[in-house]
Amino acid sequence: MLLTVWRGRFRAIGCVATGALATYLSLSGAALGAPPDFTYTTFPAQPSNVAWPTQSWARGPSVSMDRKELDQAVGLLWSPSAQSPIGRVNALVVVQGGRIVYERYRAAHSCDQIEHTMSVAKMMGAAMAGLLVQQRGFDIDAPLVRDGWVKPDPRHAITARHALNMTTGLQWDASSDFLEFAFGDGALDLAKYVTEKPLAHPPGSHFQYSDGTPSLIGQEVLRATGGTRTGVVGFLRSSLLGPLGMTRTELEFDRRGTWYGSSGVRWSPCDLARFGSLLLRDGIWDGQRILPAGWVNFVRTPTEASMNAALPAGAPPEALEPYGAFADVYLSPSAVAARSRAPLPIDSFGHYGFGGSHVRVVPSRDLVLVIVGERGRDPYAMLETFRLAEKISNAFALAVAPVQP
C-alpha cells in the first residue's frame with residue numbers, strides 16, 4: 001500500500017527584536033505545565049584547520065573512525081538482505097570535523113546529484129521560521145491570523161510554535177487528507193486546505209504528525225517576502241542558500257507561491273550535509289549567525305505532547321517519536337524506556353523521509369549523517385534506518401562529552 005499510517009504519522013512520498021527572541025527561548029512546546037528537564041550535548045566548533053564547505057568539501061578519512069565497525073554498519077545498510085524493509089540506498093555521506101570522511105553512492109547518484117528526500121524537507125521549515133525571527137522579528141507565539149480564525153473561534157489561539165511542533169490541534173487524517181492535500185483541490189492552495197480543518201484538540205495539547213502543517217510556515221514566509229514565489233526564493237537565496245553555498249537545492253511551491261513544506265525540497269547530499277552542518281554549528285556559518293542564538297536548541301527540544309504520545313500495542317520503546325520543531329529527536333534507548341525520568345539527554349536529531357532517506361546531526365561526535373533512500377517499507381524502514389544510523393554514528397569517536405542518560 002502506497003500510504004502508510006503508523007502512530008498517527010504519515011510519511012509522504014512525497015536584526016532580531018529583543019521581544020521576538022523571548023518567544024522561543026522558553027522551550028516548552030505547549031502550555032501543559034512545567035516542561036521536562038532536558039539536557040543537551042554542546043555544539044562543537046568548526047575545526048580551525050578545516051575550511052567551511054561553502055565552495056567545496058574537504059575530504060579525507062577520520063583518524064577517530066573505527067573502520068571495521070563502520071564497514072559492518074554500512075554493510076548492514078547496503079546489503080541485499082537489508083533492502084527489505086529498508087529499501088534501496090542511493091547515497092550515504094558522513095561528515096565529521098567539517099569534512100566528508102565517508103561517502104558511497106549507487107550508480108547514477110553522486111554528492112551533487114539532486115535528490116528527493118521526502119519529509120526530510122520539513123527541517124527547511126524550521127530554518128525558514130528561524131530566518132524570519134532573525135531578520136524580520138517574527139513572533140512565533142503570536143496567533144497565526146487566518147481567514148476564519150477570529151475570536152471566538154478557538155483556532156485563533158494557534159501559533160507558529162504550534163505549527164512547528166505539530167501541535168496545532170487541527171484535524172488531520174493521514175490517508176484521506178494527504179491525498180486531497182497533495183493531489184486533489186487542496187494542492188491548488190495548500191495553506192487554505194489546512195486552515196479550513198476543524199480543531200480536534202486544544203492547540204498545544206496533542207501531537208499529530210501532519211504533512212499539511214508545514215504549509216502554514218510556508219504561508220508566513222510568503223507573506224513576509226512580498227507574497228510571491230520569486231520573493232520567497234530571493235529571501236532564501238540571500239539568507240540561507242547563498243551563504244551556505246547550497247547551489248543544488250530546489251524548492252517546490254503551490255500555485256499561490258506557498259512553499260510545499262511536507263516534502264517540498266529537492267537537494268543534493270552535499271547540500272543536505274551543508275544544511276545539517278549549519279545546525280551542528282548552532283546556526284553559525286563561517287562567522288555569520290544565520291539562525292538566531294538558541295534556535296537550534298528549540299528545534300531539538302521535544303514537546304511534552306510528543307513525549308506523551310501513546311505507542312501502539314506491541315511497539316518497542318524506541319518507536320516513541322519525540323518531536324521538536326520539524327525535527328525528530330533521538331534519545332538514548334534507556335531514556336526512551338524510562339521517559340518519565342528527568343533529566344532526559346538530547347544529543348542527535350534530524351528527520352526521516354518516507355522510503356528511507358534520513359539526516360542526523362550528532363553533536364557529541366561532531367557528525368552529520370545523510371542517507372538518501374527509496375522504496376523502504378514504513379514504518380519498519382524508519383525504525384531500522386534509525387538503528388543503522390546509530391551504528392554508523394557509533395563508529396566514530398566522541399568529539400564532545402555527551403550528556404548522560
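1. L244 is in helix α9; helices here are DSSP runs of H or I with at least four residues, strands are runs of E with at least two, and both are numbered from the N terminus. Setting aside neighbours within four places in sequence, L244 is in contact with P53, T54, R274, F275, L278, W285 and I290, where contact means heavy atoms within 4.5 Å. L244 counts as buried at 0% relative accessibility. Buried means under 20% relative accessible area, exposed over 50%, and partly exposed in between, with a 1.4 Å probe and protein chains only. The C-alpha atoms of L244 and S277 are separated by 9.6 Å, and the two residues are 33 apart along the chain.

2. On the source: this is a predicted model, in which local features need pLDDT of at least 70 and side-chain atom pairs count only at pLDDT 80 or more, while totals for chains, interfaces and linings use all residues. Residues are numbered from 1 along each chain as its sequence is written, and side-chain values use heavy atoms, with hydrogens and water left out.

3. The chain as a whole has 14 helices and 15 strands. Of its 405 residues, 60% count as buried. The chain exposes about 15400 Å², and carbon and sulfur atoms supply 53% of that area; the areas come from the Shrake-Rupley method with a 1.4 Å probe, and for residues only the protein chains shown count as cover.

4. Which residues touch the most other members of the largest nonpolar core? They are M124, F181, L240, F275, L291 and W295, in a core of 80 residues. Helix α4 gives the largest share of this core, nine residues. A second, separate core of 21 residues includes L77, V101, V362 and L388. A nonpolar core is a set of buried Ala, Val, Leu, Ile, Met, Phe, Trp, Tyr and Cys residues joined through side-chain atoms within 4.5 Å. In soluble globular proteins, nonpolar side chains tend to be buried together.

5. G130 lies in α4 and is buried, with a relative accessible area of 0%. Apart from neighbours within four places in sequence, G130 is in contact with L291, P292 and W295. G130 and P292 are 162 residues apart in sequence, yet 6.5 Å apart in space, C-alpha to C-alpha.

6. Outside the four places on either side in sequence, L132 is in contact with G137, F138, E220, V221, A224 and F235.

7. Helix α8 (residues 214-224) is mostly covered, with nine of its 11 residues buried. Among them are L216, I217, V221 and L222. The buried residues of α8 pack against α4 (122-136), α5 (160-164), α6 (176-183), α7 (190-195) and α9 (229-244). After α8 comes G226, whose phi is positive, near 100°.

8. In helix α6 the buried residues are D177, F178, F181 and A182. They lie on the same side of α6, because they cover an arc of only 110° around the axis; the arc is that of the directions from the helix axis to the C-beta atoms. An α-helix has 3.6 residues a turn, so residues three or four places apart point the same way.

9. There are eight aromatic pairs: rings of Phe, Tyr and Trp (its six-membered ring) pair if their centres lie within 6.5 Å, and planes under 30 degrees apart count as stacked, over 60 as edge-to-face and the rest as tilted. W52 and W285 form a tilted pair, 5.1 Å centre to centre with 55° between the planes. This pair links distant parts of the chain, 233 residues apart: W52 is in the loop between β3 (38-40) and α2 (67-78), and W285 is in strand β9 (residues 284-285). Both W52 and W285 are buried.

10. Y330 and F386 form an edge-to-face pair, 5.0 Å centre to centre with 70° between the planes. The charged end of R360 sits over the ring of Y330, 3.9 Å from its centre; the rule asks for NZ of Lys or CZ of Arg within 6 Å of the ring centre and within 35 degrees of the ring normal.
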